[in-house]
Amino acid sequence: MTEPKQTEKSKDTCCEHTHASAEQKEASGADGRPAPFLVAEHPALDALNSLCAPWGNDIEWWDTGQSLMDWMLAADLIDQAVVDRLHERCSAQALDSVADQARELREHFRELIHRYGGAPLTPDALADLAQIREQLLKDRQYMDVVETENGEGIELRWQRDWEKPEQLLAPLVEKMAEILCSPQLVNVKNCEWPPCTLWFLDTTKNKKRRWCTMQVCGNRAKAAAHRAKKKRG
Ligand SMILES: [Zn+2]
């Protein structure tokens with residue numbers, strides 16, 4: 001299992017980093033960590049990027065139960081009512097232990113993406129999905145008739161009861177299984193800037209997305225190409 005990494009301030013030494021770092025600093029919360037990177041076009045890949053190093057040092061967004069819930073709120077995987085309910089029912093310790101499990105699940109999923117990203121899965125892969133399937137089996141959902149989000153109507157919706165903190169893993173594993181089973185798995189890519197560890201789903205029409213974001217790595221690559229060109233004369 002991967003040990004939680006300490007949050008460190010981004011390095012801000014190279015000229016091409018300045019723009020992105022200024023933006024991220026603006027978005028930093030009280031803990032000094034930037035707002036979550038939700039640039040992957042799929043929540044399971046955004047989950048991989050909850051540990052990343054766009055500036056060389058690891059940034060971990062899932063170090064405690066509270067920070068895991070904050071990240072899931074930002075990623076729209078749970079709502080505030082879920083956070084309130086879990087705070088009512090569970091100790092901070094129990095929630096922290098779920099963050100430990102979430103990090104372990106994320107790193108297992110990262111291995112699967114490294115191994116299988118780029119081609120659709122065949123039944124041969126099922127044995128390697130045992131841990132994901134085990135987590136899926138633990139999920140308990142039921143259907144209920146509830147008010148629509150705009151409050152103007154009613155709809156039939158899948159619900160979870162949120163009795164136990166471990167249920168926080170359910171929406172994460174559901175999204176991980178969704179992308180593993182999707183033909184879109186062929187379009188899962190790693191940012192091309194060598195030290196960057198961000199993952200994304202290439203949803204562009206011509207499938208030519210190369211960077212996590214243009215603001216971070218796209219601009220770095222452009223600056224590097226510019227310097228190389230200047231050097232060549
Ligand atoms: Zn990148």
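**Reading the fold**

Modeller: Of the contacts in the protein between residues at least 6 apart in sequence, 67% join residues at least 24 apart; two residues are in contact if their C-beta atoms, placed from the backbone, lie within 7 Å. This is a predicted model, in which local features need pLDDT of at least 70 and side-chain atom pairs count only at pLDDT 80 or more, while totals for chains, interfaces and linings use all residues. Residues are numbered from 1 along each chain as its sequence is written.

Biologist: How many helices and strands does the protein have?

Modeller: Helices (H or I, at least four residues) and strands (E, at least two) are DSSP runs, numbered from the N terminus. The protein has eight helices and six strands, in the order α-α-β-β-α-α-α-α-β-β-α-β-β-α along the sequence.

Biologist: Why does Leu169 count as buried?

Modeller: A residue is buried if 20 or more other C-beta atoms lie within 10 Å of its own, exposed if 12 or fewer, and partly exposed in between, with C-beta atoms placed from the backbone. Leu169 counts as buried because it has 21 C-beta neighbours inside 10 Å. Leu169 belongs to helix H7 (residues 169–180). Leaving aside residues up to four places away in sequence, Leu169 touches Val98, Gln101, Ala102, Leu105 and Gln135.

Biologist: Against which helices do the buried residues of H3 pack?

Modeller: They pack against helix H4 (80–89) and helix H5 (92–116). The buried residues of helix H3 (residues 65–74) include Leu68, Met69 and Trp71. Just after H3, Asp76 takes a positive phi of about 65°.
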